[in-house]
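Open the model in your viewer and keep the selection tool ready. This tour moves from one selection to the next and says what is there.

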Amino acid sequence: MRSVLARRLSLVAVAAAAVAMSGCQAATPAAAPPTTTMSSAAPTTAPPTTTVPATTTQPPTGHGQVIVLDPGHNGGNASHPAQINAQVPAGRGQSKACDTTGTATNAGYTEHAFTWDVANRVQADLTAKGYRVILTRPNDTGVGPCVNDRAAIGNQAQAAAVVSIHGDGSTAATAHGFHVEYANPPLNAAQGTPSTALATALRDSGRAAGFTTANYLGTNGLFGRPDLAGLNLSTRPKALIECGNMRNANDAAMMTSPTGRQQIADFIAAGIIAYLTH
Ligand SMILES: [Zn+2]
């Protein structure tokens with residue numbers, strides 16, 4: 001969503017503070033088989049009575065924890081430049097445009113449509129596991145919200161984890177792969193170890209699902225940076241995933257495909273759950 005030049009200017013070395021997150025899967029309780037009982041006093045003509053024994057109800061994994069998903073950009077941004085270009089607080093004493101239009105594949109599939117679709121798929125995955133999911137925008141036809149307001153939504157929800165979802169737009173044809181960004185240096189406790197652990201869990205989950213980490217920026221799929229308002233202004237554990245480079249032919253094909261988007265959503269949801277249950 002941002003130019004390669006801007007990224008390079010803001011490049012901050014990522015500390016190799018990888019937190020091992022593998023092997024941290026929540027156990028799925030085995031379903032108890034129904035037992036068949038027959039009363040010894042019953043007449044022989046009576047059919048056996050099948051009863052299901054009372055079992056301790058296992059709470060779903062999420063037990064109501066709040067996750068905020070932030071689908072980058074919005075479908076109405078391009079037609080509302082005045083609103084979108086208004087300056088808003090970006091943290092570290094800086095200001096930044098309210099939002100941007102985002103990028104697109106060379107064939108015209110937009111980043112805002114991609115992020116909206118993936119966020120809804122992640123929401124479905126997490127809701128099925130018992131998490132409460134809040135999206136930072138209600139549809140893909142509006143304007144904004146501004147990046148500082150997106151951060152505020154996660155803060156006000158006291159989210160257990162916040163994940164912004166994006167697609168990158170590097171024009172370097174060979175640039176490909178996904179990476180996960182976090183605020184660095186951290187401005188509060190949530191931006192320290194928790195956000196780094198969340199980013200690492202998302203990176204590990206993507207790799208475990210067979211996705212390749214970016215070959216054009218960051219280190220091993222992780223990229224700490226000081227210049228993103230949505231990360232700087234968060235008081236909750238937060239990471240931003242660039243799911244691939246929409247200008248790269250192979251990444252674009254994957255991101256344009258509903259099957260590819262489902263695979264991305266599944267590994268994002270799995271990464272969030274790994275972070276929350278490790
Ligand atoms: Zn973006």
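Two strands pair if DSSP finds at least two bridges between them. Helices (H or I, at least four residues) and strands (E, at least two) are DSSP runs, numbered from the N terminus. With that in hand, select Asp-70: it stands opposite Ser-164 in strand 7.

Some ground rules come next. This is a predicted model, in which local features need pLDDT of at least 70, side-chain atom pairs count only at pLDDT 80 or more, and totals for chains, interfaces and linings use all residues. Residues are numbered from 1 along each chain as its sequence is written.

**Stop 1: the whole chain**

Colour by pLDDT, the predictor's confidence in each residue, from 0 to 100. The protein chain has a mean of 85, and 79% of its residues reach 70 or more. Now select residues 1–44. Here pLDDT stays under 50, and the model has 55 contacts beyond four places in sequence for this stretch. Two residues are in contact if their C-beta atoms, placed from the backbone, lie within 7 Å. Where pLDDT is low, the predicted coordinates should not be read in detail.

Switch to cartoon. The protein chain has eight helices and ten strands. Of its 278 residues, 45% count as buried. A residue is buried if 20 or more other C-beta atoms lie within 10 Å of its own, exposed if 12 or fewer, and partly exposed in between, with C-beta atoms placed from the backbone. Among contacts between residues at least 6 apart in sequence, 80% join residues at least 24 apart.

**Stop 2**

Six strands form an open sheet in the order 6-3-7-10-8-9, with mixed pairing. Strand 6 and strand 9 (222–225) are the edge strands, each pairing on one side only. From one strand to the next, the twist averages 25 degrees. Angles run from 0 to 180 degrees between N-to-C directions; axes are lines fitted to C-alpha atoms, for helices over the stretch in contact.

Select strand 7 (161–168). How many of its residues are buried? Eight of eight. Ala-161, Val-163, Ile-165 and Gly-167 cover one side, and Val-162, Ser-164, His-166 and Asp-168 the other; all are buried.

Strand 3 pairs with it in the parallel sense over five bridges. Strand 10 runs parallel to strand 7 too, joined by six bridges. Here Val-163 stands opposite Ala-239.

Step on to strand 6. Four bridges join it to strand 3, and the two run parallel. The bridge partner of Leu-69 is Leu-135 in strand 6. Helix 4 (residues 147–156) packs on the sheet, touching strand 3, strand 6, strand 7 and strand 10, and its direction makes about 170 degrees with that of strand 3.

**Stop 2: helix 3**

Select residues 111–128. Helix 3 has 18 residues and reaches 26 Å from its first C-alpha to its last, close to the 26 Å expected at 1.5 Å a residue. That expected span is 1.5 Å times one less than the number of residues. The helix lies across strand 3, strand 6, strand 7 and strand 10, at about 145 degrees to strand 7. Its buried residues include Phe-114, Trp-116, Val-118 and Leu-126. Helix 7 (249–256) and helix 8 (258–277) are among the elements that cover them. After the helix comes Gly-130, with a positive phi near 95 degrees.

**Stop 3: the core**

A nonpolar core is a set of buried Ala, Val, Leu, Ile, Met, Phe, Trp, Tyr and Cys residues joined through C-beta atoms within 7 Å. The largest one holds 59 residues; Ile-67, Ala-161, Val-163, Ala-239, Ile-241, Ile-268 and Ile-272 touch the most other members. Helix 8 gives the most to this core, with eleven residues. Centre on Ile-241. Among the residues it touches are Val-163, Phe-178, Leu-202 and Ile-268.

**Stop 4: the loops**

A cis peptide bond joins Gly-144 and Pro-145, with omega about 0 degrees. Pro-145 is in the loop between strand 6 and helix 4. The bond from Asn-184 to Pro-185 is also cis, with omega near 0 degrees. Look for Pro-185 in the loop between strand 8 (179–183) and helix 5 (193–208).

Next, Gln-158, in the loop between helix 4 and strand 7. Its phi is positive, about 50 degrees, although it is not a glycine.
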